[in-house]
Amino acid sequence: MNRWTTLFILGVLARFVTAIWPQAFWSDEQVSVFFSQISILESLARDHSPPLFSLLLRGWIHLVPLQEQWIRILPFLISVTTLAYVFKRWPDPLVRILFAINPASVSFAGEVKNAALFELMAVVLIGGVLQIVEQLEKGTKPKKYSLWSLAIVALGLLFTNYLGFFLLA
């Protein structure tokens, strides 16, 4: 096993411990779970957050028992997906190390709110933009599906957190 695999596994373990650590839901997490259990129309009318995480959580709650540890697995899976993307997209050792042990990123893995999904969307958006810039610098025209994928991720970012507008500006 090479050192990057070991670092990736340590990053996953740190996120897993954060996700399953016995703790009660915080009030904002309780609100997220509440809005994912009421009707979609009522949730959209009453919740002032963008709806993507609530919709994902709604689907997740139908798949797992309604217990805190099970519900916390969703942000854990999203966080691990982000970690895997970072390790695939950026070969730079410093980027990998800092992201694997980043306290904010690790804590997002255990919070039932849109932070982990926002982080995933932001990282994928930044990676996609950098990939298109690299293609343009080489004199290669970006593929049409790359641009469409980037647009879908940008839309997902906006439907995850209003701070997405700042990234897109």
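1. Helices α6 and α9 cross in a left-handed sense. This model is predicted. Helix α6 covers residues 73-89, and helix α9 covers residues 115-137. Their axes lie 8 Å apart, at an angle of about 20 degrees. An angle under 35 degrees counts as roughly parallel, so α6 is roughly parallel to α9.

2. Which residues build the contact between α6 and α9? On the α6 side they are P75, I78, S79, T81, T82, Y85, V86 and R89. On the α9 side they are A116, L117, E119, L120, V123, V124, G127, G128, L130, Q131 and E134. Sorted by class, this contact of α6 with α9 holds 10 nonpolar, six polar and three charged residues.

3. Now the whole chain. The protein has 11 helices and zero strands. Read from the N terminus, the order of elements is α-α-α-α-α-α-α-α-α-α-α. The radius of gyration is 17 Å, close to the 15 Å that the globule rule gives for 169 residues, so the protein is as compact as a globular protein of that length. The C-alpha trace spans about 50 × 40 × 25 Å along its principal axes.

4. How much of the protein is buried? Buried residues make up 42% of the 169. Contacts across the sequence are worth a look too. Take the contacts with a separation of 6 or more: residues 24 or more positions apart account for 69% of them.

5. Helix α6 also packs against helix α1, residues 3-20. The axes of α1 and α6 come within 9 Å and cross at roughly 160 degrees. Angles over 145 degrees count as roughly antiparallel, and α1 and α6 are therefore roughly antiparallel to each other. The crossing of α1 and α6 is right-handed.

6. Helix α1 brings W4, L7, F8, G11, V12, R15, F16, A19 and I20 to the contact with α6. Helix α6 answers with I73, F76, S79, V80, L83, A84 and F87. By class, the contact of α1 with α6 divides into 13 nonpolar, two polar and one charged. S79 takes part here, and S79 is also listed in the contact of α6 with α9.

7. Are α2 and α4 roughly parallel or roughly perpendicular? Helix α2 (residues 27-37) and helix α4 (residues 52-63) pack with their axes 8 Å apart, at about 75 degrees. Angles from 65 to 115 degrees count as roughly perpendicular, so α2 is roughly perpendicular to α4. The contact uses S32, V33, F35, S36 and Q37 from α2, with S54, L57, R58 and I61 from α4. Those residues of α2 and α4 divide into four nonpolar, four polar and one charged.

8. V86 sits in helix α6. Its relative accessibility is 2%, so V86 counts as buried. Leaving out residues up to four places away in sequence, V86 touches V95, F99 and V123. V123 belongs to the α9 side of the contact with α6.

9. G128 is part of helix α9. Its relative accessibility is 13%. Buried means under 20%, so G128 counts as buried. With residues up to four places away in sequence left out, G128 touches Y85 and L150. Y85 is one of the α6 residues that meet α9. From G128 to R96 the C-alpha separation is 17 Å, for two residues 32 apart along the chain.

10. Where is T160? T160 is in the loop between α10 (144-158) and α11 (164-168). T160 is buried, with a relative accessible area of 0%. Not counting residues up to four places away in sequence, T160 touches P50, L52, N114, L117, F118 and M121. Among them, L52 falls in helix α4, which covers residues 52-63. L117 is in helix α9 and takes part in the contact of α9 with α6. The C-alpha atoms of T160 and W26 are separated by 19 Å, and the two residues are 134 apart along the chain.

Key: Residues are numbered from 1 along each chain as its sequence is written. This is a predicted model: local features need pLDDT of at least 70, side-chain atom pairs count only at pLDDT 80 or more; totals for chains, interfaces and linings use all residues. Side-chain values use heavy atoms; hydrogens and water are left out. Axes are lines fitted to C-alpha atoms, for helices over the stretch in contact, and angles run from 0 to 180 degrees between N-to-C directions. Helices (H or I, at least four residues) and strands (E, at least two) are DSSP runs, numbered from the N terminus. A crossing is left-handed if the near helix is turned anticlockwise from the far one by less than a right angle, and right-handed if clockwise. Contact means heavy atoms within 4.5 Å. Ala, Val, Leu, Ile, Met, Phe, Trp, Tyr, Cys and Pro count as nonpolar, Asp, Glu, Lys and Arg as charged, and the others, Gly among them, as polar. The radius of gyration is taken over C-alpha atoms; the globule rule is 2.2 Å times the number of residues to the power 0.38. Buried means under 20% relative accessible area, exposed over 50%, partly exposed in between (1.4 Å probe, protein chains only).
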